[in-house]
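Below are my notes on the two-chain model you sent.

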Amino acid sequence: MTTDIKTTPLNRWHRSQGANMADFGGYDMPLWYSSVKDEHLAVLNGAGVFDTSHMAAVTVAGSGAADLLQYCFTNDLDACMGPAKKPLSQGRCVYGAFLDENGHTIDDAIVFFVEADSYMVVVNAGMGGVIAEHLQRNLGRRDATVNDLSDRLGKMDIQGPVAAKILGGVLADPKAVFAGMPYFSFKGHVDPTSPLADAVRLDDGTPILLSRTGYTGEFGFEMFLAQDKIQRLWERLLENGSAYDIKPCGLAARDSLRAGAVLPLSHQDIGHWPFINHPWPFALPFTTDQTGFTKDFIGRAALEEQTDVSFTQAFAGKDLRKISAGEGSRVIDADGQTIGTVLTCATDMGIGRHDGDIFSVASPNKPEGFKARGLCCGFVKVNRKLSVGQHVDIADNRRKITVAIVDDVRPHRTARKPMADMI
Amino acid sequence: MKAISELNLPEDVRYTDDHEWAKKIGDVVRMGISDYAQDQLGDIVFVELPEVGSSFDKGEEFGTVESVKAVSELYMPIGGEVTAINDALADAPELVNSDPYDGGWMMEIKASDPAELEALKSKADYLDILKG
């Protein structure tokens, strides 16, 4: 029997390190190397590197590119930056989703404003073709060229409070690169012939697109570069980071880190239901009073006239014990009524409760002798809006645990820290 | 992930198809999960065990082992009454990863039918299952 599972440029490296591998989105990816817990903690205390070449990039270029994205993407590119809702500017990127006419999520994405009339859209594993086709189908009379770069671009992430210190050691001009680089901004280009490529080069001359984003809730970067340059960068960062106890991290740590950071997993926490009433309202083009939308986009009408109303909300448990999420899971209210299902239930191993409050290993105010035993957390989808602090039970066919509805889980995350504090 | 040749599979314990092990120590039978099982599960963060004095049949679920990613059932290799559980796992569940046959044992039982232990798999037979 032959299988058509895809591999990333680092596949051989993962296997040579004895990583526990699994199929994720059609790619043979590492779940963990030796310890998920150590990998998770490395990103909170120091740094970790992640192979993310399974993710897909789609470019959209031309005089109609911005308008096409305005119509297909949920966030308003003319009003998405900061509390003042300024237009997306060159070198900035923004989170949102692509919806169908029913308002259901096709995939979530980050849109990068590369230069005038040129955007890069980064989506999840295996979704490059789907999103490229979706954009193509909705092109209309707009002048735009959509190009699916799936499996043609290398990508890896470095995440954790010392990420810039480690990365700086392999950049040609770290000072210039890190100057003026807020959260959700990026510099550089993957194409060596682009004038933008000079903004970020490795010390061997390789151009990279460096983005101050990530999927862990911690300070760090996503890096796009030529596939044949990935392994060298990966190994150099590991070598450079050994003094900081850097760790290669698999998808399991990525999942537990993002759950604690209240970030959704596409096709699990967002999916075939309306993309609204969830913890990510910043991904929708809400007016300042939150009563309407600032632009037209595919799925808008369905979101405005929902028939099947559900609410996605974050929860945190009392301790690390969890249940099996997904099919067969239930959310039960105080009256014993089943009111929904559990979308994600994971253990954030870097946090724990002390007298009811949640602390992280990185919390400056953690109680003396605090030991993070881990905390169960995730998302429920329920048929009524629950209030923060409210307790519900979540259950699978084996176990029932009581959890609290929360608006945040892991405290003292570093993703938004000023760059000056991190270099 | 360990290669099959790297697995620690002692000769002096018996194995089940569900990757538990059992070993006679004096007049009780001690049990836990195999090196293969702990390697597949990854970091174990919680082990839920029954009360001393409870009884289970062979193949019955007696507890759960929880990794960062998932909760997995534990099944009785043989039937009997629980005479002791490994209290050390409450504070150090990672012993199941680091030392699955000694420090990471889970519980001891008084076997209801000693013949059930003999019927479990030898190392060689267990290896055959792992090799598929």
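1. Chain B and chain A bury about 1,700 Å² between them, with 47% of it on carbon and sulfur atoms. Buried area here is the accessible area (1.4 Å probe) that two parts lose on being put together, summed over both. Of the area that chain B buries against chain A, 35% is supplied by M1(B), V68(B) and K69(B), more than by any other three residues. The contact (heavy atoms within 4.5 Å) takes 22 residues from chain A and 20 residues from chain B.

2. On reading the values: this is a predicted model, in which local features need pLDDT of at least 70 and side-chain atom pairs count only at pLDDT 80 or more, while totals for chains, interfaces and linings use all residues. Residues are numbered from 1 along each chain as its sequence is written, chains are lettered from A in the order in which they are written, and side-chain values use heavy atoms, with hydrogens and water left out.

3. How many salt bridges are there between chain B and chain A? The count is seven, a salt bridge being a side-chain nitrogen of Lys or Arg within 4 Å of a carboxyl oxygen of Asp or Glu. One pairs D91(B) with R373(A), whose closest N and O atoms are 3.4 Å apart. The elements of chain B that give two or more residues to the side touching chain A are α1 (35-41), β4 (44-48), β6 (61-67), β7 (71-75) and α2 (88-91). β6(B) gives the most, with four residues. Helices (H or I, at least four residues) and strands (E, at least two) are DSSP runs, numbered from the N terminus.

4. Chain B has an open sheet of six strands in the order β1-β2-β3-β9-β8-β5, with antiparallel pairing. Two strands pair if DSSP finds at least two bridges between them. The edge strands, each pairing on one side only, are β1 (14-15) and β5 (55-56) of chain B. Within the sheet, β3 (residues 28-33) and β9 (residues 107-111) of chain B pair over three bridges, and V29(B) has I109(B) as its bridge partner.

5. In chain A, strand β16 (residues 338-348) has nine of its 11 residues buried, buried meaning under 20% relative accessible area (1.4 Å probe, protein chains only). β16(A) pairs in the antiparallel sense with β15 (residues 330-332) of chain A over two bridges, and I332(A) is the bridge partner of T338(A). These two strands form a hairpin with five residues between them, and G336(A) in the turn has a positive phi of about 85 degrees.

6. The largest nonpolar core has 40 residues, and F112(A), M120(A) and L284(A) have the most contacts inside it. Such a core is a set of buried Ala, Val, Leu, Ile, Met, Phe, Trp, Tyr and Cys residues joined through side-chain atoms within 4.5 Å. Strands β5, β6, β7, β14, β16 and β19 of chain A each supply at least two of its residues. The largest share, four residues, comes from β5(A). Apart from this core lies another, of 35 residues, including Y33(A) and M223(A).

7. Helix α2 (residues 36-45) of chain A is also mostly covered, with seven of its 10 residues buried. Among them are V36(A), H40(A) and L44(A).

How values were computed
Buried means under 20% relative accessible area, exposed over 50%, partly exposed in between (1.4 Å probe, protein chains only).
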